[in-house]
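Here are some notes to read alongside the model, written for someone meeting it for the first time. Please take them in order, with the structure open beside you.

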Amino acid sequence: MFTGAKYARSGDVNIAYQVVGDGPIDLVLVLGWVSHLAYVWELPAIAAFLNRLASFSRLILFDKRGCGMSDRVHPLPTLEQRMDDVRAVMDAAGSAKAALIGISEGGVMSALFAATYPERVAGLIIDGSYPSALRRPGYPWGTTEDQFERRLVIVKDVWGTGWGMDRYAPSQLANPDVARWWATFTQFSASPRDAEDLLRMNMLIDIRDVLPAIRVPTLIIHAVGDKVAPIEAGRYFAEHIPNARLVELKSNDHWPYFGDADQVIGEIQEFLTGARSAPAPETMLATVLCTNVTQAGAHAIWLGDKRWNQLVDSHHVVVRKALARYSGREIEAGERGITAVFDGTARAIRCAIDVRDQLLDLGLRVQAGLHAGECEMGDGRPRGAALHVASSVMAAAQPGEVLVSGTIKDLVVGSGLEFSDRGSREFEGLPGSWSLFAAGPEPPVRDRQPVRAGIPGELSRREREVAQLLAQGLSNKEIAGRLYLSERTVDNHVHHILDKLRFESRVQVATWLARNEH
């Protein structure tokens, strides 16, 4: 975890660094073309990766000059200056000799440092890097000059948008949390203009002639399907660095933090210590909360992408404030809901009720499910039966209901929380029958109605029928088929409903019905 930066002086430049762990081997990590010493820890998969490195080493991380928490400099630094920064950080951290691990562009400078200062390098690890980013005579595997120029043209315009995820971590394209982290990480790391300058400098580097001079033990790790640095780049390193060992990963990810993490860390640990250990499972008794926005797909269609995305952002703000208030730990947040863990069961229930009631003000109804059990945490995410049970309980909940397992109810005896028996259910893939209970009172009808709220008596009987089907997520065509009306007639009814109630969207109609039909 990030516990605060220290600063090393390299000439008149301040270099931010951090030391994690107290293992017998010093390990200096050189990240890619941009970095941010604090925000790198905000992605659970990377935090888990770094913590595991620190479990067998004294891990030293730093921001290169020109990015992150280190001084911004102009013009941008040469490789020689960056090597001076590594020496300054090692000196400040009290490290006379260390192993270096360079990821992506960080591998280039790490290799040059190992060749130049072998007396300070115990070993060299190069992950997903390249001796030359551009294609050159005798090296046909890099980026063409035309591709490079096109990338320079667009980098400023797309900086901070999550650009490049399809190349850096294709296995995570379905995980919006990683894309959001990357977008923010890049903004924290460098400005758009600095990013362009860094990209230009990194693309022009060529260290092929230096490789035979590297005489320290070297490990090369490279994904076969890497779209940023082709596998031929890793093989070139292995062929031209004396006695280097190459490990080829059966992966398309440029970053090593996800599906390849166990293998990569195992290889690094064995390379540095002579033995590898399986990652110790992080187990904990936790209460797992899963939520789901009901009719999320219909909301997205009704509102359109822009307004739906704004509503999702508002949803996340509500949820994250509640998690902070009730000491919950966010595991995953998508547009349909969240997964979180708590070390206090009563707090988890109260958080779920609070989130449900607040989201109703946004026009969103959620299903919430909770279960308590032992969780194994891997890459910052819970694994095991507790997660599956919580997810199944959530799926059994009615819209607007906080449903808990019998285990949860038994753990909060004396808390003052109220429960209503909802019978028992069998869940697919889970043994036995599970007792279920609804927690807390029903969602309250707010005293403070929205300014644009309509009056129940304004709708005709037919309009009320249409509104009820509309709130269920049916399209105008489906409503027409259900009521034996023409689609044009239904279109008119929907228009009149919105006009009479002074609403702008179907989502508001669904919310209004939820509050006024009971």
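1. At roughly what angle do the axes of helix H15 and helix H16 cross? Please keep in mind that this is a predicted model. In it, the axes of H15 (residues 461-471) and H16 (residues 476-483) come within 10 Å, and the crossing is at roughly 125 degrees.

2. H15 brings Arg462, Glu465, Val466, Leu469 and Leu470, while H16 brings Ile479, Arg482 and Leu483. Sorted by class, the contact of H15 with H16 has 5 nonpolar and 3 charged residues, with no polar ones.

3. Is Tyr484 buried or exposed? With a relative accessible area of 77%, Tyr484 is exposed.

4. Ser327 sits in the loop between helix H11 (305-325) and strand S10 (329-334), and has a positive phi of about 60 degrees although it is not a glycine. The relative accessible area of Ser327 is 46%, so this residue counts as partly exposed.

5. The axes of helix H2 (residues 79-92) and helix H3 (residues 105-116) come within 10 Å and cross at roughly 75 degrees. Because of that angle, H2 is roughly perpendicular to H3. On the H2 side the contact is made by Leu79, Arg82, Met83, Val86, Arg87 and Met90, and on the H3 side by Glu105, Met109, Leu112, Phe113 and Thr116. By class, the contact of H2 with H3 counts 7 nonpolar, 1 polar and 3 charged residues.

6. The protein has 18 helices and 16 strands, and its C-alpha trace spans about 85 × 55 × 40 Å along the principal axes. Of its 518 residues, 56% count as buried. Among contacts between residues at least 6 apart in sequence, 72% join residues at least 24 apart.

7. Next, the interior. In soluble globular proteins, nonpolar side chains tend to be buried together. Here the largest nonpolar core holds 104 residues, and those touching the most other members are Trp33, Leu50, Phe62, Trp255 and Ile268. Helix H1 (residues 44-54) gives the largest share of this core, 7 residues. A second, separate core of 35 residues includes Ala322, Ala348, Cys351 and Ala352.

8. Leaving aside residues up to four places away in sequence, Trp33 touches Lys64, Glu105, Val155, Trp159, Tyr168, Trp182, Ala195, Leu198, Leu199 and Asn202.

9. Why is H1 described as largely enclosed by the rest of the structure? Because 9 of its 11 residues are buried. Among them are Ala45, Ile46, Phe49, Leu50 and Arg52. The buried residues of H1 pack against strand S2 (13-20), strand S3 (26-30), strand S4 (58-62), helix H6 (176-189) and helix H9 (261-273).

Technical notes. Residues numbered from 1 in each chain as written. Predicted model: local features only at pLDDT ≥ 70, side-chain atom pairs only at ≥ 80, totals over all residues. Heavy atoms only, no water. Core = buried A, V, L, I, M, F, W, Y, C linked by side-chain atoms within 4.5 Å. Buried < 20%, exposed > 50% of the residue type's maximum accessible area, 1.4 Å probe, protein only. Helix = DSSP H or I, 4+ residues; strand = E, 2+ residues; numbered from the N terminus. Contact = heavy atoms within 4.5 Å. Axes fitted to C-alpha atoms, helices over the stretch in contact; angles between N-to-C directions. Nonpolar A, V, L, I, M, F, W, Y, C, P; charged D, E, K, R; others polar. Parallel < 35°, antiparallel > 145°, perpendicular 65-115°, else oblique.
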